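Trainee: Hello! I am new to reading protein models, and I would like to learn feature by feature. Could you show me the structure and guide me through it?

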Amino acid sequence: MAAPKVAVVGAGVVGLSTALCIAETCPSCSVTVLSDQFSPNTTSDVAAGMLIPHTYPGTPIHVQKQWFKETFTYLFAISNSAEASEAGIHLVSGWQVFKNTPKEELPFWSDVVLGFRSMSEAELQKFPQHQFGQAFTTLKCDCPPYLLWLEKRLKATGIQISIRKVADLWELHSEYNIVVNCAGIGAQQLVGDEKLFPVRGQVLKVHAPWVKNFIRDGDGLTYIYPGIHRVTLGGTREKENWSLSPDPGTTKDIFDRCCSLEPSLRGAQDIKVKVGLRPSRQSVRLEREVLSQGGVKLPVVHNYGHGAGGFSVHRGTAKEAARLVGECIAALQGSSSRARL
């Protein structure tokens with residue numbers, strides 16, 4: 001058969017990474033990314049981009065660890081290259097602190113990040129409200145630069161990028177052999193996934209260049225993540241809230257909570273407020289499906305539902321989605337050779 005044509009729907013970090021992995025693993029494919037929103041207008045642009053995994057209750061831990069490890073290894077290599085500043089990727093050290101000692105003192109990802117250890121009594125004196133903490137070094141992606149870097153890589157690989165709103169995957173069947181669904185929260189309408197729900201996140205991006213270390217409260221609600229140019233302060237986790245409008249009361253609450261962890265932030269300047277809807281479900285949907293209408297079949301690979309953990313596992317899930325696309329291509333080639341017989 002001719003070179004298989006693959007459409008990837010969605011241009012956040014998962015969609016762009018999946019398209020890149022498909023091009024790398026199936027160089028004979030022609031790949032097109034379709035989305036009505038590209039950077040700087042995607043949910044990924046709002047994300048803090050810290051590599052600290054979120055746990056998916058419906059996905060086996062060894063699978064989550066593999067995804068995280070592949071993502072960390074990939075980004076670590078970029079952080080160690082001349083492209084690090086353009087891609088917005090850098091190492092950052094800091095602390096995760098807990099008011100009470102957590103059940104798991106060693107999270108499943110502790111041996112993937114660098115230098116993971118329990119905090120000393122002296123370090124904990126910085127956080128008088130907390131009694132236990134973990135210190136480690138991880139990676140941070142500054143999201144808009146990273147998405148633009150990925151787009152540049154895609155174009156250099158010959159991948160087409162097209163602004164298009166896809167209302168139904170089936171509308172692509174006459175143009176493409178395989179469709180990859182990386183629509184994020186849009187998948188709720190696109191494929192009618194009722195297990196998918198928004199978790200609204202409001203964050204502040206501030207100018208505070210003296211803040212060099214990340215600080216994260218173990219409850220995951222309050223965090224301070226220094227980037228190359230701005231510090232991200234968070235946050236909120238509001239289930240089933242679809243509002244993209246910033247809430248001034250929430251802005252004040254986030255700022256006050258972060259200042260209680262890092263009092264020097266009272267001097268932060270130029271506060272910008274961002275809101276995004278995390279595409280959340282019990283487990284990432286990462287699987288093959290064949291849609292059929294009137295005897296016509298359309299192979300689909302789904303890769304969405306990463307919730308708060310998209311950046312931590314995006315490359316690992318993109319590699320798995322590309323492998324599934326390879327299986328779809330093999331099945332198509334098998335059926336076309338049978339048809340010739």
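Mentor: Gladly! Let us begin with a definition: an angle of 65 to 115 degrees between two axes counts as roughly perpendicular. Keep in mind that this is a predicted model.

Trainee: How are two packed helices described, and at what angle do α3 and α6 cross?

Mentor: Two packed helices are described by the angle between their axes and the distance between the axes. Here, helix α3 (residues 61-79) and helix α6 (residues 143-156) have axes that come within 14 Å and cross at roughly 90°. Therefore α3 and α6 are roughly perpendicular to each other. On the α3 side, the contact is made by Tyr 74, Leu 75 and Ile 78, and on the α6 side by Tyr 146, Trp 149 and Arg 153. Sorted by kind, the residues of this contact are five nonpolar, no polar and one charged.

Trainee: Next, cysteines. How many disulfides does the structure hold?

Mentor: The general idea is that a disulfide is a covalent bond between the sulfur atoms of two cysteines. This structure holds zero disulfides. Take Cys 29: the nearest cysteine sulfur belongs to Cys 26 and is 4.5 Å away. The cut-off to compare with is 2.5 Å between the sulfur atoms.

Trainee: Is Cys 141 buried or exposed?

Mentor: Read the relative accessibility: under 20% is buried, over 50% is exposed, and in between is partly exposed. Cys 141 is at 0%, so this residue counts as buried. Cys 29, at 12%, counts as buried too.

Trainee: Which residues does UniProt list for "binding site"?

Mentor: The UniProt record, an unreviewed entry, lists Thr 43, Ser 44 and Val 166 under that heading. Thr 43 is in helix α2 (residues 43-46) and counts as partly exposed at 38% relative accessibility. Val 166 sits in the loop between β6 (160-163) and β7 (178-181), and is buried, with a relative accessible area of 10%. Apart from neighbours within four places in sequence, Val 166 is in contact with Val 9, Leu 34, Glu 171, Leu 172 and Leu 190.

Trainee: Where is Trp 109 found?

Mentor: Look in the loop between β3 (89-98) and β4 (114-118). Trp 109 counts as buried at 5% relative accessibility. Setting aside neighbours within four places in sequence, the contacts of Trp 109 include Ile 52, Pro 53, Phe 68 and Phe 136.

Trainee: One last feature. What is phi of Asp 270?

Mentor: Phi of Asp 270 is near 55°, a positive value in a residue other than glycine. Asp 270 is in strand β13 and is partly exposed, with a relative accessible area of 43%. Glu 240 has a positive phi as well, near 60°, and lies in the loop between β12 and α8.

How values were computed. Residues numbered from 1 in each chain as written. Predicted model: local features only at pLDDT ≥ 70, side-chain atom pairs only at ≥ 80, totals over all residues. Heavy atoms only, no water. Buried < 20%, exposed > 50% of the residue type's maximum accessible area, 1.4 Å probe, protein only. UniProt positions renumbered as here; feature names shortened; annotations may be inferred. Helix = DSSP H or I, 4+ residues; strand = E, 2+ residues; numbered from the N terminus. Contact = heavy atoms within 4.5 Å. Axes fitted to C-alpha atoms, helices over the stretch in contact; angles between N-to-C directions. Parallel < 35°, antiparallel > 145°, perpendicular 65-115°, else oblique. Nonpolar A, V, L, I, M, F, W, Y, C, P; charged D, E, K, R; others polar.
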